[in-house]
Amino acid sequence: MMSLIANETKKIALRFSTWLYPLIIVAIIIALSASYKSFVPDIDNVQLLLSINSISMFLVALFSIVLASAVVSSEFSYGTIKLLLIRPYQRWQILLSKYIVVLMYAIILTLFTVIMSYIIGGILTSFGSLTQDISTSNPTFSENGDITNVGQTAIDALGSRLGYFTIQLIFSSSIAFMISSLLRSQALAVGIGLFLLFVNSIAGGIMLMLVEQFQWFKYIFLAPLYYVSMYANGLGMEVKGLSPELAIGVLSVYYAIFMVLSFLFFQKRDVSV
């Protein structure tokens, strides 16, 4: 199994896009940091990190989904799937190794983005304290207009956001991975994966607004996924009948279903190319 993971890691490392994505993220971070510095001269790197978090993490999700959407379907597109299956491993082991490498890349890209945001922000602005109260620089408000994060430190806010983002990232990447395992066309798999990413920000938001009127909407994965993404962006909201715990629970059920479908279909599918 470890040899499969090593082989898949090598495949991804040899892709040009694997190294291009971090470079794009760094370029965006530099541009955003410079822009914030010009508008808010006294901002420090910690405040900046929290301010650009939603944009930088969106890029991480975007690139992770592209990778997850292509990791299996590309084997069919390039005609290399048979070379994989003639090796002395079961199909589920091959698919699992690809999935593990996709998640590894997504998590590493997330950590890389956070670290580079902190370092670049510090160089372009100043290095601030991770224990500072962020309720003045990055306040969150309740429906009544009250500040809800009084006394919250930057490290607590960052940890919370990264925790929710990790859930969002794993779930979104898993959907893309399932699509990749079901389709032969790499372009189609990537296209559907990106479509779901963008449609969630619209359809998920609409469903979330309707949850209070139609309680069953909260069991459609788009609503809890959007709900979790709001917390990942530091914009947690109160929705009657829905809590972070319930949203994560619903997503966990869908996650299990998607994973089972991915492995079942890959076990049974025709691999003629």
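Modeller: A crossing is called right-handed if the near helix is turned clockwise from the far one by less than a right angle, and left-handed if anticlockwise. Keep in mind that this is a predicted model.

Colleague: OK. Which hand is the crossing of H2 and H4?

Modeller: H2 and H4 cross in the right-handed sense.

Colleague: Which residues of H2 and H4 make the contact?

Modeller: From H2, Tyr21, Ile24, Ile25, Ile28 and Leu32 take part, and from H4, Ile55, Leu59, Val60, Phe63 and Val66.

Colleague: How many of the residues in that contact are nonpolar, polar or charged?

Modeller: The contact of H2 with H4 has 10 nonpolar residues, no polar ones and no charged ones.

Colleague: And at what angle do H2 and H4 pack?

Modeller: About 165°, with the axes of H2 (residues 16-39) and H4 (residues 53-70) 10 Å apart. H2 is therefore roughly antiparallel to H4, as the cut-off for that term is over 145 degrees.

Colleague: Changing topic, how many helices and strands are in the chain?

Modeller: The chain has 11 helices and 0 strands.

Colleague: How much of the chain is buried?

Modeller: 47% of its 273 residues count as buried.

Colleague: And what is the accessible surface of the chain?

Modeller: About 13,100 Å², and carbon and sulfur atoms hold 71% of that.

Colleague: Last one: what share of the contacts with a separation of 6 or more comes from residues 24 or more positions apart?

Modeller: Such pairs account for 75% of those contacts in the chain.

Note on methods
Residues are numbered from 1 along each chain as its sequence is written. This is a predicted model: local features need pLDDT of at least 70, side-chain atom pairs count only at pLDDT 80 or more; totals for chains, interfaces and linings use all residues. Side-chain values use heavy atoms; hydrogens and water are left out. Axes are lines fitted to C-alpha atoms, for helices over the stretch in contact, and angles run from 0 to 180 degrees between N-to-C directions. Helices (H or I, at least four residues) and strands (E, at least two) are DSSP runs, numbered from the N terminus. Angles under 35 degrees count as roughly parallel, over 145 as roughly antiparallel, 65 to 115 as roughly perpendicular and the rest as oblique. Contact means heavy atoms within 4.5 Å. Ala, Val, Leu, Ile, Met, Phe, Trp, Tyr, Cys and Pro count as nonpolar, Asp, Glu, Lys and Arg as charged, and the others, Gly among them, as polar. Buried means under 20% relative accessible area, exposed over 50%, partly exposed in between (1.4 Å probe, protein chains only). Accessible areas come from the Shrake-Rupley method with a 1.4 Å probe; for residues, only the protein chains shown count as cover.
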